[in-house]
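Please open the model in your viewer and keep the selection panel at hand.

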Amino acid sequence: ATKQSLSEFLRLTKENAQHHQAHYKASVLQWQLGDASAAKKHIESALAIQNDDPHYHFQQGVLLNQENDHAAANRAFEHCIKIDPNILEAHHNVAANYLSMQQPHRALPHYMFLLQKVHDPEVYFNIGVIYTQQDKQYIC
């Protein structure tokens with residue numbers, strides 16, 4: 001069903017290159033099928049046409065994360081959050097990226113936001129890790 005859906009969305013993008021939703025859906029499906037390169041082209045097309053959909057920025061962040069370009073991924077996720085701060089997975093991804101980039105002070109606000117919305121043990125754990133790291137900095 002996924003491949004059939006993808007072929008329909010690709011057909012739509014060929015018939016109407018300005019159909020940003022078809023580009024977005026094609027990007028998501030291509031990513032799910034393991035074709036990150038094609039997925040990236042379609043999300044870039046969707047964003048060039050319609051830049052104010054938070055899900056498009058989220059998808060771009062996912063693809064950039066897959067390339068291990070965490071700084072660029074965070075710019076995409078932050079843009080997503082700016083448009084719609086209630087996309088919790090964007091906060092989670094931004095925070096995780098900041099932790100991996102050794103920037104816990106930038107991760108903490110996102111984890112604190114998540115703490116207000118969900119009861120996820122990973123969020124509690126990562127907040128604890130950040131506070132532990134901060135305590136060690138003050139002791140040394």
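Contact here means heavy atoms within 4.5 Å. This is a predicted model, in which local features need pLDDT of at least 70 and side-chain atom pairs count only at pLDDT 80 or more, while totals for chains, interfaces and linings use all residues. Residues are numbered from 1 along each chain as its sequence is written, and side-chain values use heavy atoms, with hydrogens and water left out.

Select His-79 to begin; leaving aside neighbours within four places in sequence, His-79 is in contact with Asn-51 and His-57. His-79 belongs to helix α5, residues 70-83, where helices are DSSP runs (H or I, at least four residues) numbered from the N terminus. With a relative accessible area of 31%, His-79 is partly exposed, a class lying between buried (under 20%) and exposed (over 50%), computed with a 1.4 Å probe on protein chains only.

Next, show α5 together with helix α6 (residues 88-100): their axes come within 9 Å and cross at roughly 150 degrees, the axes being lines fitted to C-alpha atoms over the stretch in contact, with angles from 0 to 180 degrees between N-to-C directions. The two helices are therefore roughly antiparallel, the term for angles over 145 degrees. Among the residues making this contact are Phe-77 of α5 and Ala-90 of α6.

Finally, colour the largest nonpolar core, which has 21 residues, with Phe-58, Phe-77, Ala-90, Ala-107, Tyr-111 and Ile-130 having the most contacts inside it; such a core is a set of buried Ala, Val, Leu, Ile, Met, Phe, Trp, Tyr and Cys residues joined through side-chain atoms within 4.5 Å. A second, separate core of eight residues includes Tyr-24 and Leu-63.

Notes: Parallel < 35°, antiparallel > 145°, perpendicular 65-115°, else oblique.
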